[in-house]
Amino acid sequence: SSLRTRAIVGRTDRPTPVLDSEMTRIDFNPYWTVPPRIAKLDLLPKAQKDGGYFAAQGIRVFSGWTEAANEIDPGMVDWLSPAARQMRYRLRQDPGPESVLGPAKFLFANKYDVYIHGTNNAALFDRPARFFSSGCIRVPKPLDLAAHLLRGAPEWSRERIDMVVKSGATV
C-alpha cells in the first residue's frame with residue numbers, strides 16, 4: 001500500500017537536496033540539536049533581540065559540542081558579544097509539543113544532514129507553496145507515516161507508537 005502526503009521543503013536559498021537513501025531509523029520524541037548554520041543565521045539574531053528567546057522556545061544552551069559540555073543559562077550570555085556571534089555554543093531543544101521536529105524524526109544516511117520530521121507549525125501545510133525549511137522535509141502527520149513504514153513490524157503497532165509518544169520518552 002502507498003501513502004500520499006503534503007510536505008514542506010527547503011526555502012529557495014536553502015533547497016532540499018536531491019538524494020537517494022534508505023531510511024534506517026525513526027526517533028519518537030526526538031531532541032533537536034540545532035545545526036550550527038541554523039543557530040548562527042536564524043536563531044542568534046532572535047536571541048540578540050530578545051535575551052529570553054531560547055528559554056521561551058525550550059532551547060537549552062551548552063558550552064560546546066562535546067558530551068562533557070556544560071549547560072549554560074542562556075540569560076547569562078551576552079548574545080551580542082564576539083564569542084556569541086561565532087556561535088560555538090550547542091543549542092538543543094527538548095522533545096515536546098513546542099519541538100520544531102514534532103513527535104517523530106525519520107533518519108537516513110546523507111551528507112547534507114537532512115531528514116524527514118514533523119513540525120510544531122501545522123498551518124504551513126495549508127499554503128499552496130510550501131518552501132519554509134532549511135532543507136529538511138516536514139510532514140503533517142508524522143505518526144501516520146511512522147505507522148505506515150512500520151506496518152511490517154508487529155511490535156510497532158499504532159497503539160504502541162501513540163503510547164511511546166504520550167510517554168514523552170525519546171525512543
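Helices are DSSP runs of H or I with at least four residues, numbered from the N terminus. The structure shown in these views is a predicted model.

**Figure 1. The largest pocket and its lining.** The space in this pocket comes to about 760 Å³. Its lining consists of 32 residues, and those nearest the centre are Trp32, Ile38, Asp42, Ser134 and Arg138. Two elements, helix H1 (36-49) and strand E9 (131-133), each give two or more residues to the lining. Of the elements, H1 gives the most, with 5 residues. Sorted by class, the lining has 16 nonpolar, 9 polar and 7 charged residues. Rolling a probe the size of a water molecule over the atoms shows where empty space is left.

**Figure 2. The aromatic pair of Phe54 and Trp79.** A pair of aromatic rings is described by the distance of the centres and the angle of the planes. The model has 4 aromatic pairs. In the pair of Phe54 and Trp79, the ring centres are 5.0 Å apart and the planes stand at 75°. An angle over 60 degrees counts as edge-to-face, and the pair is therefore placed in that class. The pair links distant parts of the chain, for its two residues are 25 residues apart. Phe54 belongs to helix H2 (residues 53-56), whereas Trp79 lies in the loop between strand E5 (71-72) and helix H3 (82-85). Phe54 counts as buried because its relative accessibility is 0%, and Trp79, with a relative accessible area of 4%, is also buried. Both values fall under 20%, the limit for a buried residue. Phe54 and Trp79 form one aromatic cluster with Tyr53 and Tyr89.

**Figure 3. The open sheet of strands E3, E6, E4 and E5.** The 4 strands are arranged in the order E3-E6-E4-E5, and their pairing is antiparallel. Strand E3 (32-33) and strand E5 stand at the edges; each has a single partner strand, so one side of each is left without a neighbour in the sheet. Strand E4 (residues 59-62) pairs with strand E6 (residues 90-93) over 4 bridges, in the antiparallel sense. Within this pairing, Ile59 has Gln93 of E6 as its bridge partner, and Phe62 stands opposite Arg90 of E6. E4 is also joined to E5, by 2 bridges, and these strands run antiparallel. There, the bridge partner of Val61 is Ile72 in E5. In a regular strand the side chains alternate between the two faces of the sheet.

**Figure 4. Strand E7 and its partner strands E2 and E8.** Strand E7 (residues 104-108) is mostly covered, with 4 of its 5 residues buried. Strand E2 (residues 23-28) pairs with E7 in the antiparallel sense over 5 bridges, and Arg25 has Leu107 in E7 as its bridge partner. E7 is joined to strand E8 (residues 116-117) by 2 bridges, and this pairing too is antiparallel. Lys105 stands opposite His117 in E8.

**Figure 5. Charged ends over aromatic rings, at Tyr115 and Trp156.** The charged end of Lys105 sits over the ring of Tyr115, at 4.9 Å from the ring centre. In the second case, the charged end of Arg160 sits over the ring of Trp156, at 3.8 Å from its centre.

Methods
Residues numbered from 1 in each chain as written. Predicted model: local features only at pLDDT ≥ 70, side-chain atom pairs only at ≥ 80, totals over all residues. Heavy atoms only, no water. Phe/Tyr/Trp six-rings, centres within 6.5 Å; stacked < 30°, edge-to-face > 60°. Buried < 20%, exposed > 50% of the residue type's maximum accessible area, 1.4 Å probe, protein only. Lys NZ or Arg CZ within 6 Å of the ring centre and 35° of its normal. Pairing = 2+ DSSP bridges. 1 Å grid on protein atoms, 1.4 Å probe; cavity = no way out; pocket = protein on both sides within 12 Å on 5 of 7 lines; lining within 4 Å. Points joined across faces, edges and corners; volume = space filled by probe spheres on them. Nonpolar A, V, L, I, M, F, W, Y, C, P; charged D, E, K, R; others polar.
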